[in-house]
2 protein chains.
Amino acid sequence: MHHAALPRPSAEAVAAVVTALTRMLGNRAVTSDSIREQHSHGEGLPTIGMPDIVVFPETNEEVAAILALCNSHRVPVVPFGAGSSLEGQLAALAGGVSIDMNRFDAVLEVNPDSMDCRVQAGVTREAVNAHLRDTGLFFPVDPGANASIGGMAATRASGTNAVRYGTMRENILGLTIVTPDGRIVRTGSRARKSSAGLDLTHLYVGSEGTLGVITEIQLKLYGVPESIVAATCSFPGLDGAVASVVASLQAGLKMSRIELLDEVQVRICNAYSSLGLPETPHLFLEFAGSKSGTDEDVEFMKAIVADHGGGDFQFAERLEDRNRLWKARHNCYYACMAFAPGKKNMGTDACVPISALPQVLLETKADAAASGLITPIVGHVGDGNFHLGIMFDENNPEEVDKAEGMAFRVARRAIAAGGTCSGEHGIGVHKIVHLEAEHGYGVELMKQIKATLDPNGIMNPGKVYPA
Amino acid sequence: MHHAALPRPSAEAVAAVVTALTRMLGNRAVTSDSIREQHSHGEGLPTIGMPDIVVFPETNEEVAAILALCNSHRVPVVPFGAGSSLEGQLAALAGGVSIDMNRFDAVLEVNPDSMDCRVQAGVTREAVNAHLRDTGLFFPVDPGANASIGGMAATRASGTNAVRYGTMRENILGLTIVTPDGRIVRTGSRARKSSAGLDLTHLYVGSEGTLGVITEIQLKLYGVPESIVAATCSFPGLDGAVASVVASLQAGLKMSRIELLDEVQVRICNAYSSLGLPETPHLFLEFAGSKSGTDEDVEFMKAIVADHGGGDFQFAERLEDRNRLWKARHNCYYACMAFAPGKKNMGTDACVPISALPQVLLETKADAAASGLITPIVGHVGDGNFHLGIMFDENNPEEVDKAEGMAFRVARRAIAAGGTCSGEHGIGVHKIVHLEAEHGYGVELMKQIKATLDPNGIMNPGKVYPA
């Protein structure tokens, strides 16, 4: 990976900020190497930028004071949630301050009658759902990792449930943000819809920490369905699996999860999670609704799958069986790492119109096969989103080149098919090279907005926007 | 209504633009009084600003040329769709150019497999659905009026189906916009989700023509449900009706429409549409899904309604019966005008968290009763959105004062309850006074974005943003 050199703040400015933050926050301002290193990266990425200091604020006012200080000294700020981002979003490319939001760990309010809640940004998705356990409600967005809600908002994350419930974009009613100059602003409202002014909420959702810090999030909640049935089914080839997905979507089947694993990914998951599945392409499905509704949907889907050459349904109805299945799915990333010890996993995040999915998947599969690398495919195919994982040795230049080339082609293939280089991981550092290919002059508009809302460029510099 | 005086362009600038547009567009540039008057207002509002010229472009490039011209001369531009907006969005407060988008009337592509389509901005929602008739798909957002898709996008419109399918916000995948300096930009993609950069699409959705002109819209489509059942049921009072709505939402009933009409509105609709309903508060419902699914939902809803003192279900299953019912609902506005000849109808557009709806509705009802005016209530209560219509004589200062005071209090009551002054009509001219009450410092961020993307302030001046 090659990154443009970023201007760094002066040593005097950094020293002044470190001194002021230490005075302001005491032992919640940390400069130890281990903490700085831990805050320099997300999942599975090399350290490409260390912050000078890590701070652990506890209130909106503290975040505002930190940002106002950094803004006055032109010192960069990188917001940090659970550290599970995948595209280099957390690297402090020009040093500066990592704001760790983990002490923003309160569920501020739960409104069961309106089916919404307000949480602080550091609350994880599992913590939200643990908190909601007795209400009969849940928050559906599930990127696999136990990410923070603030990080998920900043990345416009989604995951396995998006085909039914939407992504963070569809499930956030409002935010509290802190602007780079230290203003605390509430966007949106608790109303389910609004036509009152520019949609600031959706401007900040997916802004990857480049416009300010998200400190609180108002979330939509949903009733836990009466009946939930998970199932796996297998196919002789990818094409039948994908065609079944397309047919089920067009039939309006209300599945809550439609996940594809190719035969490579199934082999890897068998090894890691002892699934014992035949090593062919599989769909992992979840049906949710009333008991009669899920019965009806299961029968409908069985017929669709049979029509496309698939079968071998295995059902998981009990909570522990469903959890075991989805845990295996969520562990795909770690299963890959364990399967190829010492290799790195270069992820891709193509998302295409569902009609383009078969061709894009099959072209990608052929490209991957030609590489000779280990290249599992797993995907939220109900959204048209899939991840080709590319296992490579970072010390082998040939493998690095192959991996980078293949990842590049996946992104460009998605864009050419009317889709996006990133369905859910964000741009961060690694996808910057694709932003203009995808958005053309729209990138100029994004940069104008960035320059207006963060005139000193302190917020997560070197991310999202091409130079 | 009082409006701040806006700076007008110089007579020379206007003359230069009129001359150039006439040369560019021939008889698609019109300066007749009748056409200018027609383009000076939306529904039911007085003329508060006449454009100097009305143009009828046919291509993105023509729109770009018009905007570049106006921008260079600092002459205002007001985009015009079907003329059905309600908040004064179409008034040319400082004169200038009305861009009538009705010649953008093509459905550019329909992708049945991906369930999306691309339409030009002047296509109406009825025209979209007529075009889709043979595909088994439909576009659900239905504000009642046969609005243009471009206008619906610009207003972030919704309507009766939003409780099931969401608003324009949730149903637009991407846009083509023309910036004030004449750049043609495509935002979003055909992918169902994306994390690639700032969400320009949702910044322009709901921007009410103040950031540029929307010329094309990529829409999500849905399969026509197998079974659709409409029904009415009655209640002795508003409270039971609203409590039934809250209970049905919490139970996760998948109704596609949940509309409330109070006894005043039922009386007015009986008179206009010969509904023959008892003159008490009613819910108008629509159930959609599989046959067994709607059967189950109907039974569930009957039990909920009975629990809250309601009943008297009347069903409409045949298409013509359903159409008759929803036509009566859509005609509420015209029914009010006919019921009180010579009076104006001041609409309100409160939208609140569903748990706050009973109190806000009942307080509003009491406020309205005290006024002595005719004040029907109709609402998309599944979204927490309701419209108090206030029939007043614009030549009677006391009625005008009463109406304005009541409308003001409805908006502020909604904001105080955690909601919004506008669920679906937009800010336009009439709700500007509420924007800061609702969004606080967020309004400053909106104004900064506006100033960046429209530095000369030519796009729909005097709307949305307080001075």
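User: How many residues of chain A are in contact with chain B, and what makes two residues count as being in contact?

Analyst: In this predicted model, 73 residues of chain A are in contact with 72 residues of chain B, where contact requires that the C-beta atoms of two residues, placed from the backbone, lie within 7 Å.

User: Which elements of chain A supply the side that touches chain B?

Analyst: Strand 9 (184-188), helix 8 (200-204), helix 9 (238-250), helix 11 (291-307), helix 16 (432-439) and helix 17 (442-453) of chain A each supply at least two residues, and helix 17 of chain A gives the largest share, with eight residues. By residue class, the side of chain A that touches chain B divides into 24 nonpolar, 34 polar and 15 charged residues.

User: Why is B:Thr364 called buried?

Analyst: A residue is buried if 20 or more other C-beta atoms lie within 10 Å of its own; B:Thr364 has 22 C-beta neighbours inside 10 Å, and therefore counts as buried.

User: Where does B:Thr364 sit, and which residues does B:Thr364 touch?

Analyst: B:Thr364 belongs to helix 14 (residues 357-371) of chain B, and, not counting residues up to four places away in sequence, B:Thr364 touches B:Leu388, B:Val410 and B:Arg413.

How values were computed: Residues numbered from 1 in each chain as written. Chains lettered and ligands numbered in written order. Predicted model: local features only at pLDDT ≥ 70, side-chain atom pairs only at ≥ 80, totals over all residues. Helix = DSSP H or I, 4+ residues; strand = E, 2+ residues; numbered from the N terminus. Nonpolar A, V, L, I, M, F, W, Y, C, P; charged D, E, K, R; others polar. Buried ≥ 20, exposed ≤ 12 C-beta atoms within 10 Å, placed from the backbone.
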